[in-house]
Amino acid sequence: MSDLKNKAINILEELGLEKWMKNIQIMGDEVMLEVVSHSPTMHERKKLENALKTTFAQRMPEAKLNLRISIDVPQKPIEIKGKPIDGVKNIIAIASGKGGVGKSTVTANLAISLQKMGFKVGLLDADIYGPSMPTMFDLEGEKPYSVTVDGVNKMGPVENYGVKMLSIGFFISGNDQAVVWRGPMASKALKQMLWDAHWGELDFLLIDLPPGTGDIHLSIVQQVPVTGAIIVSTPQNVALADVRKGVAMFNMESINVPVLGVIENMSYFTPAELPDNKYYIFGKDGARDMAEKLHIPFLGEIPLIQSIREASDVGRPAALQDHTPVSEIYEKITQNMVESLVERNENLPPTEAVRITTMAGCSTPRKF
Ligand SMILES: Nc1ncnc2c1ncn2[C@@H]1O[C@H](COP(=O)(O)OP(=O)(O)OP(=O)(O)O)[C@@H](O)[C@H]1O
Ligand SMILES: [Mg+2]
C-alpha cells in the first residue's frame with residue numbers, strides 16, 4: 001500500500017471514521033477519498049467535511065485531498081399495521097366523510113382506469129350500509145365461487161372488466177336487501193373477504209369503505225395493512241367538514257395511514273347544449289382549498305355529468321370508454337393517485353416505483 005494511502009487511513013482511524021470510508025484512491029499526490037455520511041443535515045455534513053479537510057491539511061500537507069461525501073440515510077419505513085393479504089401489493093381505502101358524494105362511482109372508475117393501465121386490480125366493496133359495486137359492475141345476483149388453494153377452501157372473487165371483486169352485497173340474498181348488518185356480523189364477513197379469499201396477485205386492492213368515520217372504519221383500517229387512503233368529497237361545505245374528520249381518522253396514531261389525496265366529485269355541471277358553461281352547483285374549489293389547508297395532495301375534479309350516472313346505473317362505469325373527456329378525467333386522476341402513492345410509499349423499492357409509474361404513464365418518480 002502506498003505511503004499516502006497508509007497515512008490517510010491512519011487519519012481516518014484516529015478520527016473514528018474508518019467505518020464510514022467508502023473508497024480511497026491515490027493518484028500521484030492526490031488522495032481521492034469518499035466518505036459516507038449518515039446524517040441528512042447539511043450542518044452535520046459540513047462539520048465532517050471541515051474536520052477531514054483541516055486534519056488532512058495539518059497531517060498530510062504534501063497531499064492534495066479530493067473529498068467526496070455521499071449520503072446514506074437509512075429510510076424510516078412506514079409502519080404497516082395489520083396482517084398482509086397474500087399476493088396483494090397495495091391496498092387503497094376510499095373513504096368519504098359524507099354519504100352520497102359519489103365515492104362508489106369514483107372507486108369503480110379508478111379500478112377500471114388502473115386495469116386499463118395494465119395493473120392487476122381487485123375491488124372490495126365494504127359498504128355495509130349500501131353495497132353498490134355489484135350494480136356498477138353488472139354483477140348483481142352473482143356469487144363468489146369456492147376454490148381450493150393448497151388444500152384450504154377459499155372464496156373466489158367474481159370478475160368483470162378485468163377487475164376482481166368481492167362485495168358485502170354478494171352475501172345478501174334478493175329478499176334481504178333491508179338487512180342491517182350488525183357490527184360483529186359485518187366485521188366477520190369483511191374479514192372473510194380479505195383473508196379467506198383467493199385474490200391472487202394484485203397490484204392494487206381498492207376498498208370502498210362505508211361513508212363516515214365510525215367503528216367499522218376503525219376496525220377495517222386497524223386490521224388491514226392499508227397502504228394509503230383517498231377521500232372523496234363534493235365542494236359543498238357540509239361535505240368538506242367531514243373531509244377534515246376523515247383525514248383526522250387516518251392520521252390517528254393507532255391508524256397512521258397516509259392520505260394519498262382528495263378527489264373532488266360533482267365539481268361543476270356543464271349542460272351538453274352549453275359545453276363552455278360551468279355551473280358550480282355545490283360551490284367552487286371547496287375540496288381543492290381544503291386539501292391545501294390540510295397539506296394533502298389534490299388529485300383532481302370530476303364534473304357532474306349525466307352520462308357518469310347513467311353508465312354506473314347500467315353497470316358499465318364511464319372509465320371503460322376510450323378517449324372520451326370523461327374517461328380522460330378519470331385517467332388523469334388515477335395517474336395522480338399513483339404518483340402520490342409512489343411518493344408516499346417510502347417502502348417501495350425503486351424498481352417497483354418505476355414499474356408502477358411507467359405502467360400508469362406518469363412521469364418518473366421525483367424521489368430516489
Ligand atoms: N360525477 C358524477 N356525475 C353524475 N352523477 C354522479 C357523479 N358521481 C356520482 N354520481 C351519481 O350520484 C349518486 C351517488 O353516487 P355514489 O353511489 O357513487 O355515492 P356514494 O358516496 O358511494 O354514496 P353512498 O354513501 O350511498 O355509498 C349515484 O346515482 C351516482 O351515479
Ligand atoms: Mg357507495
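**Questions about a two-domain model**

The domain assignment divides the protein chain into domain 1 (3-71) and domain 2 (88-360). The model is a predicted one.

Reader: How far apart are the C-alpha centres of domain 1 and domain 2?
Author: The two C-alpha centres are separated by 53 Å.

Reader: How many helices and strands does the protein chain have, and what makes it more spread out than a compact globule?
Author: The chain has 11 helices and 13 strands. For 368 residues the globule rule gives 21 Å, and the radius of gyration is 27 Å, well over that value, so the chain is more spread out than a compact globule. Along the principal axes, its C-alpha atoms fill a box of roughly 90 × 60 × 35 Å.

Reader: What share of the 368 residues is buried?
Author: Buried residues account for 39% of them. A residue counts as buried if 20 or more other C-beta atoms lie within 10 Å of its own.

Reader: Why is Ile255 called partly exposed?
Author: Ile255 has 16 other C-beta atoms within 10 Å. Buried needs 20 or more and exposed needs 12 or fewer, so a count of 16 falls in between and Ile255 is partly exposed.

Reader: Where does Ile255 lie, and which residues does it touch?
Author: Ile255 is in the loop between α7 (237-251) and β12. Leaving out residues up to four places away in sequence, Ile255 touches Val221, Gln222, Met249 and Phe250.

Reader: Which residues come nearest to ligand 1?
Author: Of the 20 residues around ligand 1, the nearest are Gly99, Gly102, Lys103, Ser104 and Thr105. At least two shell residues come from each of α3 (103-116), β12 (259-269), β13 (298-304) and α9 (306-313).

Reader: How do the residues of the shell around ligand 1 divide into nonpolar, polar and charged?
Author: The shell has seven nonpolar, 10 polar and three charged residues. Gly counts as polar here.

Technical notes. Residues are numbered from 1 along each chain as its sequence is written. Chains are lettered from A and ligands numbered from 1 in the order in which they are written. This is a predicted model: local features need pLDDT of at least 70, side-chain atom pairs count only at pLDDT 80 or more; totals for chains, interfaces and linings use all residues. Domain bounds come from an automatic or database domain assignment. Helices (H or I, at least four residues) and strands (E, at least two) are DSSP runs, numbered from the N terminus. The radius of gyration is taken over C-alpha atoms; the globule rule is 2.2 Å times the number of residues to the power 0.38. A residue is near a molecule or strand if its C-beta atom, placed from the backbone, lies within 6 Å of it. Two residues are in contact if their C-beta atoms, placed from the backbone, lie within 7 Å.
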